[in-house]
Amino acid sequence: MSESGGELSGPDLGTIGAASSELKDGGMLLGHFNGEPVLLVRKGTAVHAMGAKCTHYGGPLAEGVFDGSIVRCPWHHACFRPDTGEAVHAPAFDPVACYALEQRDGRLFVTGTSSQTPVSPPSTSVPTSVIIVGGGAAGFAAAEMLRRQGYQQPVTMISSDDAGPYDRPNISKDYLAGKAPEEWIPLRPSDWYQQTKVDLLTSRRVLQLRPNTRSVELDDGRRLEYGALLLATGASPVKLDIPGAQLPHVFYVRTLRDSRAIIAAAEHARRVVVIGASFIGLEVAASLRTRNLEVHVVAPEEIPMQRVLGAELGRFIRDVHEQQGVRFQLGQSVSSIAEHSVTLKNGTTLDADLVVVGIGVRPNLELAEQAGLRIDRGVSVNENLQTSAPNIWAAGDIARWPDRYSGTSIRVEHWVVAEQQGQAAARNMLGVNQPYTAAPFFWSAHYDVAINYVGAAQEWDEAKLVGSIQDRNCLVAYRKKGKTLAVASVNRDADSLRIQTAMDRNDADAVEAVIQGRSR
Ligand SMILES: Cc1cc2nc3c(=O)[nH]c(=O)nc-3n(C[C@H](O)[C@H](O)[C@H](O)COP(=O)(O)OP(=O)(O)OC[C@H]3O[C@@H](n4cnc5c(N)ncnc54)[C@H](O)[C@@H]3O)c2cc1C
Ligand code: FES
């Protein structure tokens, strides 16, 4: 991930303007004003001018999609309202600028910035206080949305992490590679919590959740009561259980502290063994290759990520890593770890001064289980993300929700899903009644290759390739009984967005139209 910068393009909207006729209904037109990229967007007779650079990591909104009501960013699918600039769906939180427009002689001119997002006041039911258990993606997004919606009662966020909410996906990518500055990592600077009166308690664990008394007990003995509660405890890495797994040079990567510990260890290491060819395992491999370490990846599957992405895309990812010097030991598992080596079950020994394990995660369900919430391979929630207990919502890696597009209940471990669920839960706590109907989305980055994935195909019987994997320009549709449940893409960002839009609308025909190139 890198911030976009670069040249301005399109007309100077302050001086030359743009012909109104050039901007079709439902279309976007890129120009600039006062040195900033500006996007004109038309819906019917209404034309809006908004900042063209996504406030997440600077994605070019002009290369995204306007679906008639929101503009979607091509990089990680954040959504902005063109009339107010509001970042209505994460991963962006800050609005883009809005500009005043004037029409003269059939041309559109930007005349200045206009006022920002009006805050919608909280509606019908307002809880007396909100407790958020978990300071990760879902927890932060919920707190931010509560305050954005004008909620003024106490909000307490309790996190067992020693850092406030941060950009977790980055800690296996650019941050681990040494390419992301520290200031990219916190989701908000620390004074944001004071300014917004979100009481952030870090290094604090909730030990008990008691729905009957609407209270939680913390590990410092405190008992706090809530009007509404969001459970967003995320997931923890599955631990290796083999001889040597406890050695100090064996690491997992879930927290910022983990990532920093790997960075410190990498400074004195030459050879790394990554155990597990998961997304995280391979991102770690890529980041440590960027640091010029010798990297071996050991995994039981014959093709990395075949189960999720299929054989062709899996082989492609393996090749991308091999071209960068990663060596794979596939179809293998590790039997033991020693101070300077790792031994595989087939007897091979690999030198290793650093071992990173990425063999999957388990949702943190203990609080929900002991509180008696309904559990079904995750915390069961309804379409409004409410659990089986009154006044308790759940979001993120722990939540299993009814996914409208696939018609099944699903639980996924994706950053944007967790954030958007946190936002939806917050709105629902305020009585907005916002069912969560977005199709899941995740991305994964390996060197200069980014894979975007929309939908959820827990099982599929066909992986249909459209385009060319070798040319790094393709879609792969994962189908079950003829219905496309998910689509992975490489360098097809706009198609990925169109497919997401169609899935969000539960329109399988429109999904197929994009795959077959009939929709532009
Ligand atoms: C290294 C890494 C890279 C990733 N990259 C991507 C990516 O590229 N794309 C993508 O889509 N997804 C990615 N993910 C997955 C994504 O980060 C998760 O899906 C997302 O963070 C889930 O959000 P969450 O809020 O459910 O949980 P988390 O973000 O894990 O937050 C859970 C919080 O709960 C706290 N907690 C747990 N138990 C308690 C307790 N009892 N009391 C108090 N606090 C508690 C934890 O300390 C933590 O603060 C990545 C994950 C990792 C680890
Ligand atoms: S840069 Fe726009 S969503 Fe990430």
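**Figure 1. Polar contacts of ligand 1.** A polar side-chain atom of D397 sits 2.7 Å from an oxygen atom of ligand 1. A backbone N or O atom of H414 lies 3.2 Å from an oxygen atom of ligand 1. V206 uses a polar backbone atom, 2.9 Å from a nitrogen atom of ligand 1. A polar contact here is a pair of N or O atoms within 3.5 Å; within protein, one must be able to donate a hydrogen and the other to accept it, and residues adjacent in sequence count only if both atoms are side-chain atoms. Ligand 1 has 1000 Å² of accessible area on its own, and the protein covers 94% of that area. Accessible areas come from the Shrake-Rupley method with a 1.4 Å probe; for residues, only the protein chains shown count as cover. The model is predicted: local features need pLDDT of at least 70, side-chain atom pairs count only at pLDDT 80 or more, and totals for chains, interfaces and linings use all residues. Residues are numbered from 1 along each chain as its sequence is written, chains are lettered from A and ligands numbered from 1 in the order in which they are written, and side-chain values use heavy atoms, with hydrogens and water left out.

**Figure 2. The shell around ligand 1.** The shell holds 33 residues, of which A138, S160, K173, R254 and D397 come nearest. A residue is near a molecule or strand if one of its heavy atoms lies within 4 Å of it. By type, the shell divides into 15 nonpolar, ten polar and eight charged residues. Ala, Val, Leu, Ile, Met, Phe, Trp, Tyr, Cys and Pro count as nonpolar; Asp, Glu, Lys and Arg count as charged; the others, Gly among them, count as polar.

**Figure 3. V297 in strand β21.** Strand β21 spans residues 294-299 and contains V297. Helices (H or I, at least four residues) and strands (E, at least two) are DSSP runs, numbered from the N terminus. V297 is buried, with a relative accessible area of 0%. Buried means under 20% relative accessible area, exposed over 50%, partly exposed in between (1.4 Å probe, protein chains only). Leaving aside residues up to four places away in sequence, V297 touches V274, G276, A277, L282, A285, V326, R327, F328 and Q329. Contact means heavy atoms within 4.5 Å. V342 is 45 residues from V297 in sequence and 11 Å away in space, C-alpha to C-alpha.

Figure 4. P300 lies in the loop between β21 and α6 (306-309). P300 is exposed, at 60% relative accessible area. Not counting residues up to four places away in sequence, P300 touches G331 and Q332.

Figure 5. A cis peptide bond joins A90 and P91, with omega about 20 degrees. P91 belongs to the loop between β8 (87-89) and β9 (98-104). S203 is not a glycine, but has a positive phi of about 50 degrees. The loop between β13 (198-201) and β14 (206-210) holds S203. S203 counts as partly exposed, at 39% relative accessibility. Y447, also a residue other than glycine, has a positive phi near 55 degrees. Y447 is found in the loop between β32 and β33 (449-455). With a relative accessible area of 24%, Y447 is partly exposed.
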